[in-house]
Amino acid sequence: MQTRSILFITLIAVWCCSSIATATDDLLRNTFAEHISKSGNPAAEEILAAVRQTKADADALNLGLTKLYPEYQAALAAADEGNLELALSQLQPLLDGEDKFLAADAAFYLARALMNAERFEEALPLLRDLQTKLDDYSANGGVTQFFLGQALAGMLQHQEAMAALMEFLQLNPDAPERLRVSAWRQVQELQSIQPGKMQDVYHRMDFSRRRLSIAESGEKTQEEQNQIVKMLAKLIEEEEKKECSGGKCNNPSQQQSQQQQQQQQQQQQGKNEPQQSKSETAGNSSNPNGKFIDKSFDTGTASPWSRLRDMSRDPANTGLRDKLPPRYKEIVERYNDAVNNDTRSSEKE
């Protein structure tokens, strides 16, 4: 009986939310139609007809605005094509304009472009504005709430992210299924994070990778990298204790001594081996004359990206990689590859 009561209350709540949303959308459409009529545009009637024929409210407002402001269409095209800098230069001036409908629409599409580029810190103020001072002029409230949750999660604000995503699920039962599924999975993932455990490390690594990819190598990024190292070191220590408790490890000093002896033996063997001739080594060399050439590619001026790969600047990337047990090594190597790929792409640009 209690379960039925809870289900009934939930259905009533969803119905009420849907009814309020429908009424609000009708008011928004009427307000926008009046806005078009008062615009003084010679094609106002034609624009109104096109808006009325467009089913989705967000699409209707966007269509009307692109017809009222042809230059706005070019700015949106730049955003859709991934030309973020051009989109920023064209859309940002619209945010403070007199036409609040245009400001709200421009803020949404600019925030979406920034989200696609993982520039969550820049998207966040736009999303906040869309929920406050521009709320009465936008039909993208549901997607804005979804983006807000995604941005907060990417910024490691997990509790705030879960609250935003749960609110999105609660207030937007008619949102596209892909958004609702994504939001629910994100909430489950965030709920599963235990401070200091591997899932927590992974999220911090992803935060660090993202910040490096957008040239944000400041104090916050380095602080997170240091935290990653501390957390990994603790996890490694716990793993080593587990292995030692099963009698599978030697004394650390003995291990270090054994490693040094092995290195010395390998060096001595290398000295005692006779040098091979060019013809003997040519089969194993990519150099035409058969000689191995040890090249250095670090003679040029180091870029900020290159310096960040150094152990002192990017300790999570290299500092503990060789000490990791197999279960942790893979995730650090993935992090390392992601950072290096982002670095190479940025240096080419």
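Mentor: The protein chain exposes about 22100 Å², of which carbon and sulfur atoms supply 48%; accessible areas come from the Shrake-Rupley method with a 1.4 Å probe, and for residues only the protein chains shown count as cover. This is a predicted model, in which local features need pLDDT of at least 70 and side-chain atom pairs count only at pLDDT 80 or more, whereas totals for chains, interfaces and linings use all residues. Residues are numbered from 1 along each chain as its sequence is written, and side-chain values use heavy atoms, with hydrogens and water left out.

Of the 349 residues in the protein chain, 35% are buried, that is, under 20% relative accessible area, with exposed meaning over 50% and partly exposed the range in between (1.4 Å probe, protein chains only). The chain has 17 helices and zero strands; these are DSSP runs numbered from the N terminus, helices being H or I of at least four residues and strands E of at least two.

The part I select is F32, which lies in helix α1 (residues 2–37). F32 counts as buried because its relative accessibility is 1%. Leaving aside residues up to four places away in sequence, F32 touches V51, A60, L61, G64, L65 and F101, a contact being heavy atoms within 4.5 Å. Between F32 and V51 there are 9.5 Å from C-alpha to C-alpha, at a sequence separation of 19 residues.

α2 packs with helix α3 (residues 57–68) at an angle of about 160 degrees, their axes 8 Å apart. Axes are lines fitted to C-alpha atoms, for helices over the stretch in contact, and angles run from 0 to 180 degrees between N-to-C directions. α2 is therefore roughly antiparallel to α3 (under 35 degrees counts as roughly parallel, over 145 as roughly antiparallel, 65 to 115 as roughly perpendicular and the rest as oblique). In this pair, I47, A50 and V51 of α2 meet A60, L63, G64, K67 and L68 of α3. V51, A60 and G64 are also among the residues that F32 touches.
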